[in-house]
Amino acid sequence: MTALLERHRVGAVEDFEIDRFRVFELDGRSIGVVRTTAGFFAIRNTCPHEGAPLCQGQVRGTMLPSRPGSFRWGREGQVVRCPWHGYDFYLGSGECVFGEVRDRAIAYRVEVRRGEVFVRVKPRRKRAA
Amino acid sequence: MAEMLTIDCDLHPLVTDPAELLACMPVAWRKHFDFPEFLAAAARVDRYRGVGSPALDPPPVSADPRRLAAAYLDPHRIDLGLLVPIQGAGLNARVDPDATAVLASAINRHFADRWLDADPRYRLAVVVAPHDPRRAAREIRAWAKDPRVAAVLLPLWTLPMGSSHYFPIYAAAQAAGLPLIVHPSGVEGQYQGAQQLGGGIHRAVGTRQVLVHELAESSISSLVFEGVFVRYPELRVVFSECSFAWAAAFTWRLDKEARNFYFEMPWMKELPSAQFRRHVRLTTQPLGALPEAGLDELLSLVHASETVMFGSHFPLYDHDLPAALDRLPGGVRESVRGGLAASTLRLPVPA
């Protein structure tokens, strides 16, 4: 199935500052690519809650399961917090970390080959003119 | 045509710059409040969510009436939006009656001047400080002259709502045709001296959220059993952001105890459930607290067409949008969307 995904080059590894999204138009879709301490991620720049520009959000971690009365912080660099209402989404899967959002953010595969960064996107069917 | 309107009974504009409130005060009071402690605290006077909340800093649209209209009133075709100054809902936690009344008045002045002129769809719930009910009644009478004032936001005092402490407020609201809005602020169950929630002070913000309807139950029971609706037969009280599923079992229990304890309250001419339908309204938020199945019956059990009104809680993070009402059955959907609010809020017909 992955062979059907188109590979889009979005730059070199050093073009990406840690935790700073860069947004690209790839096959007609606004997709943000970010390098974090956990690796490279790509996510659609549209929050599934109410359509906010998700990639303007803050890259962070989240609370891990813990014992009552104590907190454990983790998954640093694996979560983005939407700037409009504060819902958190895992950058890898697009799933919402908590709250009422049922739909996922759309996450895309990222590949790094020889210092070059690529995003895999399923091409849209061409519509009749 | 009133039945076709979309009326949002729960919009939350915020004051994000405390200096704007100072500008709405007499000079001497401005000087009283103009020190760093107040200015820092005023920016966080919205303690709605309490510690542990995922809520963000105030959304940008919350401080700008035109931006909020463009972001919300326009795309969701809201015909009327009731501004409920949620930062005023926590005034009951302050201890200086005079300063608190000045603050309430400044909040009202701020939103009346900045928001009501900005868009004809806005209406205002003016807030009063509950500490001095006669002073609060004067504030209500002053604002009643403005036809764009549609309700009174009443932070609860340390006595139940049936207490004679509130009577001047009820009299003034009734005379002006203004319903009362009781709205959670975050002080409930979180600060010594604020209204307690069941079981005492809960550390978990989730518990305080779940229990918020308890104050509606406590207040309604007090109003009904202590005869407030007999004294003030035109008074209406709206309990916001408690949702409404709980109201079915609650009114059944009220009726049972009214029958049991008739000799304790022989002034009641109607069953509590009938008083509830006549005098009490509940807003819808959070709609996410409703079940998937059985909604039709639930709406019927709470007599929703007489008791439930749409309130979004926009722009705070867990707001509902009007589209969420689409799953209500047709008959009740229109009254929830705006039909009931049209007859509950004070909305004078323009000349």
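Guide: The following conversation concerns a predicted model, and sets its features against the definitions behind them.

Visitor: What makes β5 and β6 of chain B a pair of strands?

Guide: Two strands pair if at least two bridges are found between them. Three bridges join strand β5 (residues 180-182) of chain B to strand β6 (residues 237-239) of chain B, so the two count as paired. They run parallel. Within this pairing, B:Ile181 has B:Val238 of β6(B) as its bridge partner.

Visitor: How do you know that helix α12 of chain B packs on the sheet?

Guide: Contact means heavy atoms within 4.5 Å, and helix α12 (residues 272-279) of chain B touches β6 and β7 (280-283) of chain B. Its direction makes about 65° with that of β7(B).

Visitor: Why is the sheet of eight strands in chain B called open?

Guide: The strands follow the order β1-β2-β3-β4-β5-β6-β7-β8 in chain B, with parallel pairing. At the edges stand β1 (7-11) and β8 (308-309) of chain B; each has a single partner strand, so one side of each is left without a neighbour in the sheet.

Visitor: Which strands stand at the edges of the three-stranded sheet in chain A?

Guide: The order there is β5-β6-β7 (chain A), and the pairing is antiparallel. The edges are β5 (58-64) and β7 (88-90) of chain A; each has a single partner strand, so one side of each lacks a neighbour in the sheet. Neighbouring strands of this sheet are turned by 60° against each other on average, direction ignored.

Visitor: What makes β5 and β6 of chain A partners?

Guide: At least two bridges are required, and six join β5(A) to strand β6 (residues 72-81) of chain A; therefore the two strands pair. They run antiparallel, and A:Arg60 stands opposite A:Val79 in β6(A).

Visitor: How do you know that chain B and chain A touch?

Guide: With contact taken as heavy atoms within 4.5 Å, 10 residues of chain B are in contact with 13 residues of chain A. The two chains bury about 770 Å² between them, 55% of it on carbon and sulfur atoms. The side of chain B that touches chain A has five nonpolar, two polar and three charged residues.

Visitor: What makes A:Asp27 worth noting?

Guide: Most residues other than glycine have a negative phi. A:Asp27 is not a glycine, yet its phi is positive, about 50°. A:Asp27 is found in the loop between β2 (22-26) and β3 (29-36) of chain A.

Definitions and conventions
Residues numbered from 1 in each chain as written. Chains lettered and ligands numbered in written order. Predicted model: local features only at pLDDT ≥ 70, side-chain atom pairs only at ≥ 80, totals over all residues. Heavy atoms only, no water. Helix = DSSP H or I, 4+ residues; strand = E, 2+ residues; numbered from the N terminus. Axes fitted to C-alpha atoms, helices over the stretch in contact; angles between N-to-C directions. Buried area = accessible area lost by both parts, 1.4 Å probe. Nonpolar A, V, L, I, M, F, W, Y, C, P; charged D, E, K, R; others polar.
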